[in-house]
Amino acid sequence: MQPFETELDELRSRLRRFPVARYPVQHATCQFHLGTVLLRADRPEDALAALQTAQARFAACGMVLERAKAANLVGVALRTLGRSAEASRIFADAARDFNRADKPEEEGAALFNRGLVLAQQGDFSAAQSALRRAEALFAAAGRPAQAAAAAREHGGVLLQAGDAATAIDLLSPAVDMAWQGGDSAGAGATANVLGLAYLATGDNDRAIEAFRQALSAHPRSVRPADYAMAKANLALAHERRGDTAQAVLAGQQALGVPAVAPLVRAQARELLERLPAASGHELFAVLDEEPMARWPVVVREEVVRWADGVPGARLDAAAAWIDGQLGRPDRAHDLAQTLLGALLELPPPGYQRVVTALVQAVARRDDADADEFRRVTRSAMARFAIPQWQRLAATFDQTAVEHGQPAAWA
């Protein structure tokens, strides 16, 4: 049995022990907790019934604050069910009651929720008013993460309303506010909206900077869908700035995320269709323009994409890397070290897949090229600590032998 099902069973058992006629407060409290669990379990219809019961019973008992808390969650359930007009009214009632009870943080939460609903309805003026008030209440209560979330949504409304410049003024400090509140996901979401606002004003340089901030807050392995969204937006910013190779890489990396959302996938595909067909050498075109300090970030994100890709594409990428490294003898050792560092950060299955692709791609080169690539890569391995060096050498040698090649990497 799943944990939330166990929790539901316990709450339902408690409800039976506290019939409403005899234990109205306890019954209402159980209904409130039941509705909260059902909301978390993405069962808004069931949650709505429990929360409306709790709201009514708290009201009958004269428990204004508890009624307002239940009402706020009733609004969340209604919003989830698409009943936005009802949700807006409920949130307004809850905010009023929280205000009367001198609960500013809770009032801010109700106004935040109301602002979201009003924005969905297209009532941008009222949404801005609610979100502005929510941000002020959260800030006064010492809740920077919640204040940043309100500022982010307010900025999004301003952007929808066509006021990108004012949105930027609001969103820029909100990114730092989210970090201050320990909300890395919120910081990433805010930076992403900030990037869109910069795009709307034509400031592509700052848009790129904002989308890179979003990516730093959304690790691919932690929040892949958010990572893919920021990557697709970064690709758009690079396209608008005329950075074709950067745009192609970012678009491909967005598409390479298994959890990419349909809208993000469509955006990335449309962008790649507008650009010249990928040659496979975009990575080195980017590295040639980037300072060496950024190479690990650039290469790491590509290597992760290779690891998750289909075998044919991974082999093509490995062949393109070999071309690029061999074609830059003055930087070959640094390039090899960067690639090996990225490999070591991969989980074991992905690490092995990319090593295999490199070994197979080397086998397709003439003897002189193959020997030179192995020599430089072998030398670069020695730059790592002994355990990492030994792991790399052993993996490359073992993989080479398995594919009928000499163990010439150690």
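A residue is called buried when its relative accessible area is under 20%, exposed when that area is over 50%, and partly exposed in between, using a 1.4 Å probe and protein chains only. By this rule threonine 395 is buried, at 12% relative accessibility. The model is a predicted one, in which local features need pLDDT of at least 70 and side-chain atom pairs count only at pLDDT 80 or more, while totals for chains, interfaces and linings use all residues. Residues are numbered from 1 along each chain as its sequence is written, and side-chain values use heavy atoms, with hydrogens and water left out.

**Confidence**

- The predictor's confidence in each residue is given as pLDDT, from 0 to 100.
- The chain has a mean pLDDT of 94, and 99% of its residues reach 70 or more.
- Helices (H or I, at least four residues) and strands (E, at least two) are DSSP runs, numbered from the N terminus.
- Among the elements of the chain, the lowest mean pLDDT, 79, belongs to helix α1 (residues 3–17), and the highest, 98, to helix α18 (residues 332–344).
- Where pLDDT is low, predicted coordinates should not be read in detail.

**Two pockets**

- On a 1 Å grid over the protein atoms alone, a pocket is an open set of points with protein on both sides within 12 Å along at least five of seven lines, and its lining residues have an atom within 4 Å of a point.
- Grid points are joined across faces, edges and corners, and a volume is the space filled by probe spheres set on the points.
- The largest pocket holds about 700 Å³ of space. Of the 32 residues that line the largest pocket, Arg220, Tyr227, Val297, Arg300 and Glu301 are the closest to its centre.
- Helices α11 (204–217), α12 (224–241), α13 (244–255), α16 (295–308) and α19 (348–363) are the elements that give two or more residues to the lining of the largest pocket. The largest share of this lining, seven residues, comes from α16.
- In the classes used here, Ala, Val, Leu, Ile, Met, Phe, Trp, Tyr, Cys and Pro are nonpolar, Asp, Glu, Lys and Arg are charged, and the others, Gly among them, are polar. The lining of the largest pocket has 17 nonpolar, six polar and nine charged residues.
- The second largest pocket holds about 390 Å³ of space. Of the 23 residues that line the second largest pocket, Gln252, Glu302, Arg305, Ala313 and Ala317 are the closest to its centre.
- Helices α13, α15 (282–289), α16 and α17 (311–326) each supply at least two residues of the lining of the second largest pocket, and α17 gives the most, with six.
- The lining of the second largest pocket has 12 nonpolar, five polar and six charged residues.

**Salt bridges**

- Side chains of opposite charge can pair when their charged atoms come close. A salt bridge is a side-chain nitrogen of Lys or Arg within 4 Å of a carboxyl oxygen of Asp or Glu.
- The whole structure contains 27 salt bridges.
- Aspartate 97 pairs with arginine 96 at 3.8 Å, N to O, and with arginine 100, where the closest N and O atoms are 3.9 Å apart.
- Arginine 100 and aspartate 97 are three residues apart in helix α5 (residues 84–100), so about one helical turn separates them.
- Aspartate 97 is buried at 5% relative accessibility, arginine 96 is partly exposed at 37%, and arginine 100 is exposed at 64%.
- A network of salt bridges links Arg67, Asp93, Arg96, Asp97 and Arg100.

- Contact means heavy atoms within 4.5 Å.
- Threonine 395 lies in helix α21 (residues 386–402). Leaving aside its neighbours within four places in sequence, threonine 395 is in contact with Tyr351, Gln352 and Val355.
- Glutamine 325 lies in helix α17 and is buried, with a relative accessible area of 2%. Leaving aside neighbours within four places in sequence, the contacts of glutamine 325 include Phe284, Leu335 and Phe373.

**Positive phi angles**

- Most residues other than glycine have a negative phi.
- Aspartate 42 has a positive phi near 60 degrees; this residue is in the loop between α2 (24–40) and α3 (44–60).
- Aspartate 102 has a positive phi of about 55 degrees; this residue is in the loop between α5 and α6 (104–120).

Key: On a 1 Å grid over the protein atoms alone, a cavity is a set of points where a 1.4 Å probe fits but cannot get out, and a pocket is an open set with protein on both sides within 12 Å along at least five of seven lines; lining residues have an atom within 4 Å of a point.
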